[in-house]
Amino acid sequence: MKGYNVDSDHVIAELVGMGFDFSDITEAVKSVGASLDDAVEFILNGSRRTNSSASSSSACLNVSNKVLGKRTTSSTESFGKMRQQSITEHLMSASRAKRSKVTIESHASASKSNIMPRYVEEPEVSLPLTMDPSLNISPAMTILPSYCKDKEELRSYWEHKVNSLLGKHFGYSSLKNFQKEALEAWLSHQDCLILAATGSGKSLCFQIPALLTGKVVVVVSPLISLMHDQCLKLAKHGISACFLGSGQIDKSVEQKAISGVYNIIYVCPETILRLIKPLQSLAEGRGIALFAIDEVHCVSKWGHDFRPDYRRLCVLRENFGRDSLKFLKFDIPLMALTATATVRVREDILKSLCMLKETKIVITSFFRPNLCFSVKHSRTSSLSSYDKDFRELIEVYTTGKKSAKTYNLTPQVLEHSTENSSCSSDGSMTEVDGTCENEVHDIDDDVLPENDGVGLQLENSLNSLNEKKSSVQYLEDECDLFHDADDLDVSCGEFYGQPHIKHFDNCGSPETHNMLNKPKERPALEKGDLGEGPTIIYVPTRKETLSIAKFLSSYGVKAAAYNAKLPKSHLRQVHKDFHEDALQVVVATIAFGMGIDKSNVRRIIHYGWPQSLEAYYQEAGRAGRDGNLADCVLYANMSRIPTLLPSQRSEEQTKQSYKMLSDCFRYGMHTSSCRAKMLVEYFGEEFSQEKCLLCDVCINGPPEMQNLIAEVTILLQTIAAHYGQRGSMDFSYDDGVVPAFTHKRFTEKPNLRNFVSRIREQDHKFAASDFIWWRGLLRILEYRGFIMEGDEMNHVQIKFPELTESGLQLLRSALEQPFYVYPEADMLLSMRSRKSFSSFAEWGKGWADPEIRRQRLESKQTKRNCKKRKPRKRKPNLTTVRGRLAAKLSKKN
Ligand SMILES: Nc1ncnc2c1ncn2[C@@H]1O[C@H](COP(=O)(O)OP(=O)(O)OP(=O)(O)O)[C@@H](O)[C@H]1O
Ligand SMILES: [Mg+2]
């Protein structure tokens with residue numbers, strides 16, 4: 001297979017997945033090159049295997065789907081051939097031989113190097129303990145050859161074995177440390193929870209046991225597309241696998257899985273619950289080496305991607321232990337894996353899965369040293385924001401390029417959908433509502449006669465549209481809630497391992513992988529040109545996927561939209577083109593989900609607030625898997641507090657979701673700590689170095705500190721006075737400054753807005769102060785423990801502030817000590833448009849002068865009047881039904 005490139009590998013794997021004979025495939029690829037369609041055409045029409053039912057290249061995807069789900073008779077022949085060559089067959093035959101007699105052959109007298117026992121492990125068969133008990137070797141180690149005299153020897157024995165499998169199947173030279181630790185736990189029959197960064201290689205931890213033992217590994221995974229991709233990769237590495245989703249299962253695949261045909265069975269949580277009994281017979285027959293629960297954060301209600309069925313997976317511990325299956329010598333180990341779990345989520349995982357007390361926890365650093373994090377302010381709402389925010393990106397992909405050819409993926413869909421979205425949301429979660437409202441007003445209200453029958457009808461329908469658009473159902477429809485677009489037509493499929501070729505997927509060479517393993521030296525990571533690798537832009541709403549993709553395409557960028565509502569054929573095409581580097585930018589909702597493992601993604605842009613830092617870090621983690629520099633930019637509207645995406649949640653979950661959103665908001669607002677540090681510390685890791693040296697804060701440095709004693713004092717005083725805390729203290733202040741709280745606005749619990757207007761009224765120095773500036777200050781006071789939330793409701797940031805005991809104490813000493821802070825992002829934003837608050841002096845002085853005050857008030861009034869001017873009549877849009885109707889009505893009048 002020398003000379004085959006990544007593209008041909010991909011095509012070969014696809015064809016293997018379709019069930020074609022390997023020799024036919026190689027011949028086809030040799031003849032027509034790395035084109036899937038052409039190769040299918042060649043095999044189907046141009047060579048031995050002519051099949052009239054699938055003769056056109058357009059049938060290619062159908063063929064694929066059919067074969068994934070139900071194999072046609074014509075493919076059985078080649079498939080049988082492949083099975084002969086598959087590793088499964090080898091292990092199966094070995095296994096059969098093994099079961100008839102003693103499992104491990106002793107080779108005490110032979111040299112280790114040339115004697116490898118044919119079978120490494122058979123936990124059910126206990127062996128005489130020939131080792132010194134003082135070695136403290138766990139029972140599982142005893143299943144290893146008895147010529148290994150000590151722990152070190154045992155370790156090097158299995159490392160040697162694993163490394164040869166690694167080289168043979170994957171082309172890697174060694175395991176990473178965390179992978180070794182995980183395998184050691186499994187060898188010792190321990191349950192294991194693995195927390196390792198995105199793209200670090202967690203899958204190998206559960207794939208290797210299948211190769212080592214010849215038993216089956218059962219992997220629980222949340223998404224069909226993820227299972228499909230992993231099976232495809234395994235097939236390329238010579239390992240047979242199948243996936244069983246929860247839809248219409250092809251029973252024959254399921255039966256084969258249960259009879260032990262595949263090395264690895266991927267199964268969704270719903271299905272595994274149905275398969276407990278059959279899996280118990282599999283455990284008794286071929287044997288189950290391990291249950292792996294991938295993306296295990298889905299177990300936790302405290303995580304970002306909760307899947308209720310994951311919580312029922314404690315059945316695995318209940319039904320696959322020695323207590324329930326007498327033929328087992330040891331409980332079948334559980335291995336749980338995730339890249340994003342906070343300490344609380346970890347505890348929840350261990351408890352919900354009933355993992356054993358001695359569960360080994362393997363944690364690698366969450367730090368990805370080649371990712372450059374930054375946060376930028378953007379309204380993310382209109383073409384003008386796109387223009388500003390994506391100019392650089394457009395330059396990267398178009399400068400010096402000859403043609404500005406538009407990438408034309410389902411243009412009709414794009415055209416149609418963007419036509420109605422001229423006023424798209426501003427990208428933050430709040431703007432889902434905003435969009436709807438704007439949209440309803442795209443017809444001029446003032447063109448409609450008030451009591452005209454048609455007008456009334458139109459108005460009614462607009463109202464009902466309005467109502468519909470503010471319903472949770474409609475809003476849910478605007479956003480994708482799952483990390484999956486269900487772009488496959490099948491719910492199960494099988495993949496047979498092909499004879500091994502040296503593959504490194506589209507993920508680079510082993511050397512580049514090792515770079516992830518072993519971070520580059522810090523000084524070498526100087527920020528510069530990132531190159532042209534692809535970009536993923538994550539947006540909150542489906543509509544924005546279309547409008548941004550259309551915008552970028554109009555500048556000649558090869559961009560495509562991806563969201564769960566687009567046609568499946570389009571989604572598949574996007575996946576394919578993205579993996580083959582035919583696309584420069586994918587603009588997606590979170591449906592472009594978990595498990596995207598492409599090495600050269602150079603930029604992940606979040607355009608609008610994510611819902612949690614877990615989700616953010618997981619999505620950002622898709623960048624730079626080749627170890628080279630990559631950018632992770634968050635564009636968010638700093639002037640708005642994000643809101644939760646609509647979803648069905650219990651009260652408890654709502655609270656948790658608010659907490660996560662709030663943490664995410666703080667991450668964006670923070671201006672003085674290294675971003676990577678903030679992120680890894682969020683996951684409970686102590687950051688080993690001071691800074692990442694690559695994020696916007698490390699590069700630009702924090703903003704200048706300001707002494708805000710005057711502002712802090714008046715804010716605390718205003719709040720304290722409302723709650724009658726003044727009497728209980730002996731702080732002294734200028735009575736003129738403290739507000740008199742007799743105003744009727746204050747009879748109810750006041751929110752920050754009320755306090756700010758009070759401050760503005762009371763002190764001319766602050767009369768023109770921005771609300772968002774005070775909001776930033778309030779947040780700082782909350783971090784420092786001086787303020788707390790005064791109501792029971794859930795908020796992203798404190799809404800009804802009250803003073804804590806420390807707040808009261810601070811107030812007592814406030815006037816004596818300076819209060820230095822780094823202004824938060826919203827404060828900086830407000831200061832950019834106005835004078836800084838601490839330098840209110842100038843403004844303040846101005847307000848003190850009655851003449852200046854009069855002039856300012858007058859100009860304010862004039863501005864207001866200008867705003868109130870009757871809106872200009874817009875020309876009705878004659879391309880829409882409503883527009884034509886409005887035009888007709890206005891003519892009548
Ligand atoms: N020991 C190793 N040496 C070199 N490369 C490796 C090693 N182990 C895994 N890899 C490679 O690392 C890449 C990422 O692997 P994998 O998909 O298992 O990551 P992951 O940790 O599961 O990521 P995610 O969190 O996105 O699911 C793969 O392309 C894989 O082949
Ligand atoms: Mg993974």
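Reader: Is D331 buried or exposed?
Author: This is a predicted model, in which local features need pLDDT of at least 70, side-chain atom pairs count only at pLDDT 80 or more, and totals for chains, interfaces and linings use all residues. Residues are numbered from 1 along each chain as its sequence is written, chains are lettered from A and ligands numbered from 1 in the order in which they are written, and side-chain values use heavy atoms, leaving out hydrogens and water. Buried means under 20% relative accessible area, exposed over 50% and partly exposed in between, with a 1.4 Å probe and protein chains only. At a relative accessible area of 18%, D331 is buried.

Reader: Which residue forms a salt bridge with D331?
Author: A salt bridge is a side-chain nitrogen of Lys or Arg within 4 Å of a carboxyl oxygen of Asp or Glu. The closest N and O atoms of this pair are 3.9 Å apart.

Reader: What does the salt bridge of R625 and D597 tie together?
Author: Their side chains meet at 3.0 Å, N to O. R625 lies in the loop between α24 (613-620) and β14 (630-636), and D597 in the loop between β12 and β13 (603-607), so the bridge ties together parts that are 28 residues apart in sequence.

Reader: How much of the accessible area of ligand 1 does the protein cover?
Author: R625 is among the residues that come nearest to ligand 1, together with Y172, G199, K202 and S203. Polar contacts (N or O pairs within 3.5 Å) reach its oxygen atoms from the backbone of G199 at 2.8 Å, the backbone of G201 at 3.0 Å and the side chain of D597 at 3.1 Å. Of the 640 Å² of accessible area (Shrake-Rupley method, 1.4 Å probe) that ligand 1 has on its own, the protein covers 93%.

Reader: Which residue's backbone nitrogen does the side chain of T213 reach?
Author: T213 lies in helix α9 (residues 203-213) and is buried, with a relative accessible area of 5%. Its C-alpha atom is 9.3 Å from that of I288, 75 residues apart along the chain. At 2.9 Å, the side chain of T213 reaches the backbone nitrogen of K215.

Reader: What is the phi of T380?
Author: Most residues other than glycine have a negative phi. T380 has a positive one, and its place is the loop between β8 (371-377) and α16 (383-398). T380 is buried, at 0% relative accessibility. Its phi is near 45°.

Reader: Where does D581 lie?
Author: D581 is not a glycine, yet has a positive phi of about 60°. At 44% relative accessibility, D581 counts as partly exposed. The place of D581 is the loop between α23 (568-579) and β12 (585-588).

Key
A residue is near a molecule or strand if one of its heavy atoms lies within 4 Å of it. A polar contact is a pair of N or O atoms within 3.5 Å; within protein, one must be able to donate a hydrogen and the other to accept it, and residues adjacent in sequence count only if both atoms are side-chain atoms. Helices (H or I, at least four residues) and strands (E, at least two) are DSSP runs, numbered from the N terminus.
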